[in-house]
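Here are a few notes to read alongside the model. Have the structure open as you go through them.

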Amino acid sequence: MGSLSLFDATEQQTLRFGPLWVFQVIAGADKDWDETESNALQDWIKANAPNLGEVTKESLLAVVADFNGNMEKFALDDRTAGNGLREISKMLDTKSQEDEAEYEKALQDLGKAIASASDAISVDEQGVLDKMKEILDES
């Protein structure tokens with residue numbers, strides 16, 4: 001597995017935005033954002049990230065280490081979720097292919113956890129999960 005030192009500060013911030021783009025599109029799919037979904041995001045990361053490779057683990061854990069600070073930076077970012085996820089996929093493909101599959105699977109698993117947090121995964125949420133997988137598989 002690669003090292004987070006392969007990525008400059010801007011790229012590391014983009015990696016931290018990955019889970020937030022997932023949260024944004026999944027929680028927004030049914031137009032019903034709630035605290036349960038935010039908690040699912042943070043709980044999934046805390047439970048699963050420690051078992052992952054350095055790039056994925058450190059990127060995800062940084063999100064919850066300063067959740068409010070990352071959300072503030074995220075709110076100022078003008079990329080769409082699709083464009084941001086494409087950027088992450090290309091960046092990982094170029095700099096750390098061995099981490100690409102793990103990071104992308106982590107985002108997909110995180111999306112499923114967020115989607116199922118409030119209830120069963122809705123048709124709209126499943127559509128978003130399918131589109132997210134398609135975007136991440138493009139590179």
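This is a predicted model: local features need pLDDT of at least 70, side-chain atom pairs count only at pLDDT 80 or more; totals for chains, interfaces and linings use all residues.

1. A quick check on the geometry of α2, which runs over residues 35-48.

2. Next, the largest nonpolar core, which has 37 residues. Leu15, Leu41 and Ile45 are the ones with the most contacts inside this core. At least two core residues come from each of α1, α2, α3, α4, α5 (81-95), α6 and α7. Which helix gives the largest share? That is α1, with nine residues. As background, nonpolar side chains tend to be buried together in soluble globular proteins.

3. Leu41 deserves a look of its own. Leaving out residues up to four places away in sequence, Leu41 touches Pro19, Leu20, Phe23, Phe67, Leu110 and Ile114.

4. Finally, have a look at Ser96, which sits in the loop between α5 and α6. Is Ser96 buried or exposed? Its relative accessible area is 1%, and buried means under 20%, so Ser96 counts as buried. Again leaving out residues up to four places away in sequence, Ser96 touches Gly2, Leu6, Phe7 and Met91.

Notes:
Residues are numbered from 1 along each chain as its sequence is written. Side-chain values use heavy atoms; hydrogens and water are left out. Helices (H or I, at least four residues) and strands (E, at least two) are DSSP runs, numbered from the N terminus. The expected span of a helix is 1.5 Å times one less than its number of residues. A nonpolar core is a set of buried Ala, Val, Leu, Ile, Met, Phe, Trp, Tyr and Cys residues joined through side-chain atoms within 4.5 Å. Buried means under 20% relative accessible area, exposed over 50%, partly exposed in between (1.4 Å probe, protein chains only). Contact means heavy atoms within 4.5 Å.
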